[in-house]
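Walk through this model with the coordinates open.

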Amino acid sequence: MTEPQQSSAAPPGTAVPTMPALPPQSGRSGAPAPRRTPAATPARRTALAEGVDQLRAAATTEPGRLRAIGALLALLVVAFGAVAAWQTDSRATAADDVLHHSQPLSSDAAAIYRSLADADTMAASGYLAGLQEPPATREQYELDIKTAASKLVTAAANTDPGSSSAGIITDLNQLLPQYKGLVESARANNRQGFPVGGAYLRAANDTMQNQMLPKAQKLYKNENARLNDDYGNATPYPWFAIALGLLALGGLAWAQRRNYQRTNRVLNSGLVAASATTAVVLLWMVVGHTIARAGLNDSFDHGVKSLNVLHDAQIASLKARSDENLILVSRGAETKTLANKEVVDAYDWGYDQEIAALGRGLKLADSLADDSAGRKPVAVANSSMQVWKSRHDTVSDANNAGDYQKARSGVIGDNKSTGECFTSVDESLNLALTHETEEFRQSAGDGLDAMTGLTAGAAVLALLGAAGAVLGIGRRLSEYR
Amino acid sequence: MKGGVTMRARSDFFRRLSAVRRVRAGLRGWGGVGAMAVVCVLAVAFVLLLPLTQSRGEAGADLGGQRTAQGVQAKAAKCDESTVQDQSPPPADADGTTINAIKERGYLNVGVDQNSYRWGYLNPNSSGELEGFDIDLVHAIAKNIFGSSYSPSKVRLLAIPTDQRIPAVQKKRVDMVVRTMTITCTRLDDVAFSAPYFVTGQQVLAPKVSTIKGYNDTLAHKRVCSAATSTANTRLHADKGHKIPASVDILKAVPNQLDCLVELQLGQADAVVTDGALAASQAAQDPTVELKGTPFTTEYYGVAMNKDATDLVQRVNRILETYRTSTGPEGWHASYTKWLLPTLGKDSPSANPPTPHYK
């Protein structure tokens, strides 16, 4: 084993290690000795210059060339292994982040967004019901606030201080108690029969819709950007490693051809082993990466994209629902002037916008769903939305005819109310979200699995390959002894 | 026919100008008798040329146009804000086309407010029906129109936003609007009003402990809230630096007068300016605030109806005659005692119904 190590250490060209190695070698080889003496005659030379000269001299002899070739091949294979390990590791880390870090955080941000919108909807429904507020509505409201608060803490822990997300989280943490205060004032006043409660509720709704939800949406978008970055880091092919691998394979092939031409021997077991391991690493890397890529791309196309669309649709349905409640709470207290100078009820207008957004979202979600299990809940949500719209028209008619009681029970009643439709839409969307999250986890998990062991495997195999190359060359070299 | 078209064009034109005129009211003083004569001549010439110069007249911003409006206004004496409440036709009992149509339909469509405590609001804790001073009046009107066939279901109360009161009447979405609606010259161009049924004025509302004493210097450096497009908001901006100190901080106008009470309670505002009736309605919802000083304007509430519904206007005036004087449980005084006495008191200028004068 000493010899191959020496020869592999020779090419780096540094004079110090080559100095003790070369003289005995050249002495043993015999043939180049006479040529070497004139080179040694100049009396005063630097160690470096002497080393270079010695190298140059060695390159002219076959053993010297063999040593250089062996060293180069070993270096190529080791470099290939190192780069392959490094590049696959960074991709595997990014893929792992997609699955275990950025997507869950994006989900958390979506949960904050959703909880806030849901809390607002529940507050409006509860207000409209007044003293008959169902305990479930109140509980859901409290749960939403709790969810939002605790997810904000998680999000804060995963955010760099000073980033845009950190600012948003601070703002949301300040606004949340403000919002809750307004809702409680609304409730307290409503319980005393004071219409100022309605004004408080509108103020709460305004805080939520115009300050908190846009911020929550921004946070969600930031987390999605982070997720997209991780996807961007996980999916490109490791081109540098592939190129080095091909180069190493080419070098090994050339060395074996040279060997064959000089000695007429077909196989050099060391070089063959080196070629085989290099080829295995290269193949493993390309195939594993292709599979991982496919899995990750699939998780993006069928998971992340669908999840985004479904989240947006769910928010639209929540906003539509809270507007629908507020039409009856505000009773014309707030109007909006459209571009064509037409004056409309602000919440009536808001409802129309959101229900249209819900319709578009469901259509998109349907086109993105890739299996019947994904399409089914979307279809249910869609049909519930249609019923919702037609019931809402009935409610509007009753409201416009001044039949407040009928309108109110049409919105929050137990029998054939729009509330039932909203609940159905919401539950179906939750089902769809669960399904798509599962799809995402499956695909991204498969992708990540395809990279399992690749980093360590590439490193170990490349070392073995390098050893093979050195041994193979060493065997040829030993023939010169 | 040609005359009719000209008249309509003229009245349109003057309506637009009267708005501009109010802004430039300061100009009124310098016109002497001579100037006035010149103005009148100009006015006549202008009016005669109107059909030809329609597009130029519509621009209406030139000074000549303004003086014209003033001159003719003075001559015609058509509408004066101080007597605008006296422009309603005399009471009558006859059923006309409008009343017959209502009877045939079987119910009365009325635009009301549903957020004004003690005036028209939905009590979530009682029957879930609307109640208040305005609602009492609506039922008194319906009782008279339907006579023995009256029942509460003969009335359909529609929530009408403040800025939709006039369009709702004009487009006949409702037969009438009973919704703390002040009789003004501008509105009189678009709708017909009954004789006044309530007198009030813009007033300041502030916490009881506040140093604010009324619409005066005590408002210095205070944050004052008012509703968008309200009389209060217009007056605040006009009076700033004159009747009230220039240091008054007029807050961004809110969509609804009740939003001012929210701001007041949250400590974002120091005072609210709105009309006394609504200020009283706010005070009724918060025992820590009260009306400060006396009303600094005089305004009359009337029932707004379509301009074509003269029979209905006259009938409502007849109903109001009895309603005002009735001492029974369904009269004006009983309603006032029930809804408004606790906050407005018995010494308020609003404590008695206004005396009607007819056209």
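Helices (DSSP H or I, at least four residues) and strands (E, at least two) are DSSP runs, numbered from the N terminus.

Some ground rules come next. This is a predicted model, in which local features need pLDDT of at least 70, side-chain atom pairs count only at pLDDT 80 or more, and totals for chains, interfaces and linings use all residues. Residues are numbered from 1 along each chain as its sequence is written, while chains are lettered from A and ligands numbered from 1 in the order in which they are written.

Back to the helix. α5 of chain A covers residues 62-129, 68 residues in total. From first C-alpha to last it reaches 97 Å, close to the 100 Å expected at 1.5 Å a residue; the expected span is 1.5 Å times one less than the number of residues. α5(A) is mostly covered, with 50 of its 68 residues buried. Buried means that 20 or more other C-beta atoms, placed from the backbone, lie within 10 Å of the residue's own; exposed means 12 or fewer, and partly exposed lies in between. After α5(A) comes A:G130, with a positive phi near 60°.

How confident is the predictor in chain A? pLDDT is its confidence in each residue, from 0 to 100. The mean for chain A is 87, and 91% of its residues reach 70 or more. Residues 1-40 of chain A stay under 50. For that stretch the model has 49 contacts beyond four places in sequence. Two residues are in contact if their C-beta atoms, placed from the backbone, lie within 7 Å.

Now the interface between the chains. Chain A brings 22 residues to the contact and chain B brings 24. On the chain A side, α8 (196-234), β2 (343-345) and α13 (404-412) each give two or more residues. The largest share, 5 residues, is from α8(A). By class, this side has 11 nonpolar, 8 polar and 3 charged residues. Nonpolar covers Ala, Val, Leu, Ile, Met, Phe, Trp, Tyr, Cys and Pro; charged covers Asp, Glu, Lys and Arg; the others, Gly among them, are polar.

Chain B splits into domain 1 (2-78), domain 2 (85-198 + 300-351) and domain 3 (202-292), with bounds from an automatic or database domain assignment. The C-alpha centres of domain 2 and domain 3 of chain B are 27 Å apart. Their contact takes 14 residues from domain 2 and 12 residues from domain 3.
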